[in-house]
Amino acid sequence: MRKKIVAGNWKMNKNFQQAEELLSEISEQVKTKATSDVTVVVCPSFVFVEMALDLCRDEKEQDIFAVGAQDVSVHDKGAYTGEVSAEMLKSMEAEYCIVGHSERRKYHNETNADVAQKVEMLLQNELNPIVCVGESLEERESGKLFDVIKTQINEGLFGLQPVDFLHVVIAYEPVWAIGTGKTATSEQAQEIHKYIRSLIEDKYGKEIARNISILYGGSCTPQTAPELFSQPDIDGGLIGGASLKAEDFLAIINSFEK
Ligand code: PEP
């Protein structure tokens with residue numbers, strides 16, 4: 001059965017001391033209060049990945065906590081100043097990596113072809129990609145919503161062999177909902193999650209489609225998470241702003257129906 005996952009995307013927030021404080025709070029809360037069948041993933045800045053792994057080693061060993069990065073290089077190694085490779089992340093014991101976030105698509109011109117290459121790098125190094133897809137408001141309003149999602153998934157992911165595809169997590173993140181305070185309604189989100197699962201089923205079959213976790217992201221809060229997470233095709237969330245407060249993050253982790 002597919003995993004329930006709540007992943008925190010810290011983006012470019014927190015300095016060293018603040019990151020340490022937030023990680024300690026999260027690990028304490030996860031250890032004592034979190035629902036045990038949810039995998040919690042924290043994706044801090046690259047520079048804090050090691051600290052996150054050190055601080056949360058016990059929880060990681062209990063398989064309830066994992067650390068991820070927010071991006072990875074398309075290259076495996078070499079003269080690419082400032083880049084971080086999948087092998088480097090693997091050697092630190094990171095387990096997940098966000099790919100194709102709309103902010104990377106927008107500010108760094110990341111294309112679906114880049115996404116495909118990054119996913120390939122991560123899978124070669126046994127890391128789980130969390131691949132973001134989602135439409136802009138203009139694309140939704142002009143009726144291109146389904147085509148946009150289909151193209152992102154087709155070009156970014158459908159070159160994979162079934163055995164590799166099974167390690168992918170997909171995050172549906174409508175661009176108009178990210179950091180705007182406008183959460184998609186649970187009906188809007190479920191409609192697209194169901195559509196994504198149908199695309200997977202057409203490509204890889206029912207069994208694989210049933211086993212892929214599809215997360216919702218976009219202004220998800222402790223108030224909106226319970227209804228979103230109760231939808232049949234929503235398996236958790238990719239959380240930005242609300243993952244920066246341990247209390248809110250924990251409330252979201254505990255939002256699944258008991
Ligand atoms: C994100 O950036 O992945 C995200 C979902 O952000 P927020 O929750 O702040 O909208």
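Analyst: The side chains of D233 and Q190 are joined by a polar contact of 2.8 Å. A polar contact here is a pair of N or O atoms within 3.5 Å; within protein, one must be able to donate a hydrogen and the other to accept it, and residues adjacent in sequence count only if both atoms are side-chain atoms. Keep in mind that this is a predicted model, where local features need pLDDT of at least 70 and side-chain atom pairs count only at pLDDT 80 or more, while totals for chains, interfaces and linings use all residues. Residues are numbered from 1 along each chain as its sequence is written, and side-chain values use heavy atoms, with hydrogens and water left out.

D233 sits in the loop between α12 (225-229) and β8 (236-239); helices are DSSP runs of H or I with at least four residues, strands runs of E with at least two, numbered from the N terminus. With 11% relative accessibility, D233 counts as buried (buried is under 20% relative accessible area, exposed over 50%, partly exposed in between, with a 1.4 Å probe and protein chains only).

Now for the ligand. It is surrounded by 14 residues, and the closest are K11, H101, E173, G179 and S219; to be near, a residue needs a heavy atom within 4 Å. By class, that shell has four nonpolar, eight polar and two charged residues. Here Ala, Val, Leu, Ile, Met, Phe, Trp, Tyr, Cys and Pro count as nonpolar, Asp, Glu, Lys and Arg as charged, and the others, Gly among them, as polar. The side chain of K11 has an N or O atom 2.6 Å from an oxygen atom of the ligand. Taken alone, the ligand exposes 290 Å², and the protein buries 95% of that (Shrake-Rupley areas, 1.4 Å probe).

Elsewhere, Q18 belongs to helix α1 (residues 16-33) and, at 38% relative accessibility, is partly exposed. Its C-alpha atom is 9.9 Å from that of L244, 226 residues apart along the chain.

Last, two loop residues. N109, between α5 (102-107) and α6 (112-124), has a positive phi near 50° without being a glycine, and it is exposed at 60%. E126, between α6 and β5 (128-133), has a positive phi of about 60°, though not a glycine either; E126 is exposed at 61%.
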